[in-house]
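Hi everyone, thanks for making time. Have a look at the sequence and the structure on the screen, and then I'll walk you through them.

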Amino acid sequence: YKRQDQGLSFRITSASGQDIELTSRPLSPGWHHVAGVYDSDAGMMELFVDGRRVDETSVEGSVRNSNAELYFGAWNGTDSGRRWRGMIDEIAIWSRALSRNEILDNFFNRIEIREEIELNRLRKFAGNFVITEEDGLLAYWRFSEGEGNETEDAVRQILGLLSGGVEWVDSFAPFSEAVVVD
């Protein structure tokens with residue numbers, strides 16, 4: 001979410017119940033690529049803005065498993081002081097920690113998903129940053145519907161409900177449509 005000083009916050013709860021938060025400085029106007037990484041194997045949590053690491057901390061253990069709803073652009077869906085006010089163009093969730101080079105690939109290229117009918121699995125194609133199912137992409141919302149208050153993830157068709165004054169706009173980000181959240 002965006003903090004009152006216009007910086008970003010990436011926050012998770014570890015399996016041991018520890019809340020861990022990374023923050024950025026205030027963002028300049030315009031589009032930014034943001035990536036939060038939690039790497040339990042390396043014992044590191046990192047926040048990247050436009051491909052640059054802006055905060056990091058050592059961590060222990062894994063992220064807490066939860067059946068709770070997942071929110072983007074809001075702390076818990078009810079705390080209006082911690083809501084994102086701005087545009088969101090794409091959200092991807094991975095089952096593993098991405099490397100800095102992979103984050104840069106995502107920053108400069110749109111993620112493309114192609115289904116191979118014969119094998120019923122994903123494979124690599126020429127062009128944009130294309131993933132295979134082995135690469136660990138769990139969910140990817142492009143926000144390309146252009147209307148309504150729902151968006152569907154391109155990997156597993158998980159439906160996301162948009163709330164908080166959503167308005168669809170043509171994106172001037174390097175990729176597709178965008179959603180304005182107020």
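**A walk through the strands**

Okay, the overview: 36% of the chain's 182 residues count as buried, where buried means under 20% relative accessible area, exposed means over 50%, and partly exposed is in between, with a 1.4 Å probe and protein chains only. Keep in mind that this is a predicted model, where local features need pLDDT of at least 70 and side-chain atom pairs count only at pLDDT 80 or more, while totals for chains, interfaces and linings use all residues. Residues are numbered from 1 along each chain as its sequence is written, and side-chain values use heavy atoms, with hydrogens and water left out.

The chain has 16 strands and one helix. Those are DSSP runs numbered from the N terminus: H or I of at least four residues for helices, E of at least two for strands.

So what sits inside? The largest nonpolar core has 10 residues, including L8, V49, W84 and W168. By nonpolar core I mean a set of buried Ala, Val, Leu, Ile, Met, Phe, Trp, Tyr and Cys residues joined through side-chain atoms within 4.5 Å. There's also a second, separate core of nine residues, with V37, F48, W94 and I103 among them. In soluble globular proteins, nonpolar side chains tend to be buried together.

Now find strand 4, residues 44-49. Why is it largely enclosed by the rest of the structure? Because five of its six residues are buried.

Strand 4 pairs with strand 3, residues 34-39, in the antiparallel sense over six bridges; pairing means DSSP finds at least two bridges between two strands. G36, for instance, has L47 in strand 4 as its bridge partner. Four residues lie between the strands in this hairpin, where G43 takes a positive phi near 65 degrees.

Strand 4 is also joined to strand 5, residues 52-58, by six bridges, and these two run antiparallel. Here E46 has E56 in strand 5 as its bridge partner. This hairpin has two residues between the strands, and D50 takes a positive phi near 55 degrees.

Last stop: V34, in strand 3. Is V34 buried, exposed or partly exposed? With 42% relative accessibility, V34 is partly exposed. Leaving out residues up to four places away in sequence, V34 touches L8, L47 and F48, a contact being heavy atoms within 4.5 Å. And although V34 and N106 are 72 residues apart along the chain, their C-alpha atoms are separated by 9.9 Å.
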